[in-house]
Amino acid sequence: MRCRRCREPAVIELRRHHAAFCQPCFERHVRGQVERAIEKHRMFGEEDRVLVAVSGGKDSLALWDVLLDLGYRASGLYLGLGIGEYSDRSGEVCRRFAADRGAELHEVDLAEDYGFDVPTAGKRGSRSTCAVCGLSKRYVFNRAALERGFDVIATGHNLDDEAATLLGNTLRWQTEYIARQAPVLPAKDGMARKVKPLHRLSELETAAYAFLRGIDYVVEECPLVAGNTQLRYKAALNALEATSPGTKASFYLGYLDRGVGLFADADDAELAPCAACGQPTTGRFCAFCRARAQVLGEPLGEPGDGDGAADRQVSRELSEEVLPAELYGDRG
Amino acid sequence: MKVRLRNPDREVEVAGARRVREVLAELDIDPDTVLVIRDKVLLTREERVEDADELEVRPVISGGTAP
């Protein structure tokens, strides 16, 4: 098998593109897809400070690598979740990556900074481990970006993640979630701007890129999760892709081209500052503060503050897709 | 030929002297969902492997271990 561009021996075949690439041409292909995403959706410019949410997995580290390679002002943010050796290893690879490239890495530790870790939250709270993990990441990333002066948060969502999420939201016709599946979520009412520069690349491409670039990433999945709904959607899409290469791209990128405008009116959430922490929420207290209070057994507000609207808000916030699927392992 | 599978880590023995795609088919693995690595080099599905080779088959799908 030969590279489509230079005819040297290929190291990867991309059936969706009817192409195979050697290593240099493949790396060029990946960088080109990221550049195209950034430019087409006007994600950020050369002067913007970009905060890359890194987990130690292939997607987020590949994204950070590409952005640095393209010359963007990209710093990393690693959130320590307290999941034993898994978190220890995740933190190590992020620190080593940053040190090797002379890049800036910010760190937040859930236990040190907020008083609980994910395993404890899963046992004590009413939400699943993955739910409270995802909620914590979204909260911390947003807060850190705003407090530390970043212009935009970049996450490592890839094409497979986005297609699987769109499939799930479409199967349930959750129009307000569908409306928010754009690769750019503009800054709004205390929410930092969020972008997904890998959304044109499959998991195969991001994994191959990370491997070929010699990025030491965490291959193991989070020990707290054994399969989730997102994984089943991915399996269904992979089954379609096996016989019809390009199905995932057609589904998600087609949605961006022709479907996204149909749902624009469905995202009408009004945000206001959380009464406890000031972060944006649709209720009086944000879902993170409510979850944290529950886990720590601390009161939050006055008796009777909790209501149905708050529960709906939690459901809504947990469904917002702003994290890479590589984090699904510890997100669910 | 030794094949190291990941998530969870385990090792299986399969026949070599054939193409990667045939090895993956025997293991019931979709070639688009894994990296196949031999001696720190990525292999395409058309690459031939031999009995003496040692392969790593590394999943690319994130989102939790298999249900």
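**Briefing: helix packing, a strand pair and selected loop residues**

In chain A, helix α2 (residues 58-69) and helix α3 (residues 84-101) pack with their axes 12 Å apart, at an angle of about 10°. The two helices, α2(A) and α3(A), are therefore roughly parallel to each other, a term for angles under 35 degrees. This is a predicted model, in which local features need pLDDT of at least 70, side-chain atom pairs count only at pLDDT 80 or more, and totals for chains, interfaces and linings use all residues. Residues are numbered from 1 along each chain as its sequence is written, chains are lettered from A and ligands numbered from 1 in the order in which they are written, and side-chain values use heavy atoms, with hydrogens and water left out.

**The helix pair in chain A**

- From α2(A), the contact (heavy atoms within 4.5 Å) is made by A:Leu61, A:Trp64, A:Asp65 and A:Leu68, and from α3(A) by A:Val93, A:Cys94, A:Phe97, A:Ala98 and A:Arg101.
- The residues of this contact comprise seven nonpolar, two charged and no polar.
- Helices (H or I, at least four residues) and strands (E, at least two) are DSSP runs, numbered from the N terminus.

**Strands β4 and β5 in chain A**

- Strand β4 (residues 73-80) of chain A pairs with β5(A) in the parallel sense over five bridges; pairing requires that DSSP finds at least two bridges between the strands.
- A:Gly80 stands opposite A:Asp109 in β5(A).
- Buried means under 20% relative accessible area, exposed over 50%, and partly exposed in between (1.4 Å probe, protein chains only).

**B:Asp32**

- B:Asp32 is found in the loop between α1 (20-26) and β4 (34-38) of chain B, and is buried, with a relative accessible area of 18%.
- Apart from neighbours within four places in sequence, B:Asp32 is in contact with A:Arg15, A:Leu204, B:Arg45 and B:Val60.

**Backbone features in loops**

- The peptide bond from B:Asn7 to B:Pro8 is cis, with omega near 0°; B:Pro8 is in the loop between β1 (2-5) and β2 (10-13) of chain B.
- A:Arg42, a residue other than glycine, has a positive phi near 45°; A:Arg42 lies in the loop between α1 (23-40) and β3 (49-54) of chain A and counts as exposed at 70% relative accessibility.
- B:Lys40 is not a glycine, yet has a positive phi of about 65°; B:Lys40 lies in the loop between β4 and β5 (41-42) of chain B and is exposed, with a relative accessible area of 75%.

Terms used:
Axes fitted to C-alpha atoms, helices over the stretch in contact; angles between N-to-C directions. Parallel < 35°, antiparallel > 145°, perpendicular 65-115°, else oblique. Nonpolar A, V, L, I, M, F, W, Y, C, P; charged D, E, K, R; others polar.
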